[in-house]
Amino acid sequence: MSYYDVDAILTDAEKVPCQFELDVPYLGHLDNSSGLKPGTQLSLPLWLAEMLALASAGEDTKAPLTLNLPPCLSDQVINALKADPRAVALRDQSAHFYGIGVRMLDLFDERELGAVLRRTFVVRAGDVGLHARKAEEGVGGQGEEFLRGLEEWERSLFRRGHEGVRGAKEWTERVKRL
């Protein structure tokens, strides 16, 4: 991803739950207190939480906080995706669901989560491709409801698929005229 990629920036801005492990006296403004004590739970932007979770003053010291999986990757959501990836409106979970999932896989060793995300994307990509092919002039009715549940990666896939179908039609019509 590019440094200037808007989707990457928005993914990094998503809030993730954290728990502070050390006494941090000068960060109390994060939760309107005088300082953060060990055990304080807080939601921080992913970019900040990642930096703090990976930071340590030396080899013997622990990181200032523990990073947890965000609510969009909770057990309930993962179980629903295991049952039927098509039944979950990913955009309701997070507009950048796959982006957050990939970032969490970079931070956590969660093989099962990776398998579920991969299967979900493959199954849903087939549906996205079918809808992109069927969408002629505009999307209405069920197609509109379908698009509303897509997260950003899926919307990008839909746009590219739709543009490809439209380009192929235009090319076919040009060839017929020759």
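Biologist: Let's start with strands E1 and E3: in which sense do they pair, and over how many bridges?

Modeller: Happy to. In this predicted model, strand E1, residues 15-20, runs antiparallel to its partner E3, and three bridges join the pair. For a residue-level view, look at phenylalanine 20, which stands opposite leucine 65 in E3.

Biologist: And what is the order of the strands in the sheet?

Modeller: Reading across, the order is E2-E1-E3, an open sheet of three strands with antiparallel pairing. Edge strands pair on one side only, and here they are E2 (41-45) and E3 (65-67).

Biologist: By how much are neighbouring strands turned against each other?

Modeller: If direction is ignored, the average is 40° between neighbouring strands of this sheet.

Biologist: Which helix packs on the sheet, and which strands are touched?

Modeller: That is H2, which touches E1, E2 and E3. The direction of H2 makes about 115° with that of E2.

Biologist: Now to helix against helix. At what angle do H2 and H5 pack, and how far apart are their axes?

Modeller: Helix H2 covers residues 46-54 and helix H5 covers residues 97-107; they pack at about 5°, with 12 Å between the axes. Angles under 35 degrees count as roughly parallel, so H2 is roughly parallel to H5.

Biologist: Which residues of H2 and H5 meet?

Modeller: On the H2 side, find Leu46, Glu50 and Leu54; on the H5 side, Arg103, Met104 and Leu107. Sorted by class, this contact has four nonpolar and two charged residues, with no polar ones.

Biologist: How do the lining residues divide by class?

Modeller: Six are charged, five are nonpolar and two are polar.

How values were computed:
Residues numbered from 1 in each chain as written. Predicted model: local features only at pLDDT ≥ 70, side-chain atom pairs only at ≥ 80, totals over all residues. Heavy atoms only, no water. Axes fitted to C-alpha atoms, helices over the stretch in contact; angles between N-to-C directions. Helix = DSSP H or I, 4+ residues; strand = E, 2+ residues; numbered from the N terminus. Parallel < 35°, antiparallel > 145°, perpendicular 65-115°, else oblique. Contact = heavy atoms within 4.5 Å. Nonpolar A, V, L, I, M, F, W, Y, C, P; charged D, E, K, R; others polar. Pairing = 2+ DSSP bridges.
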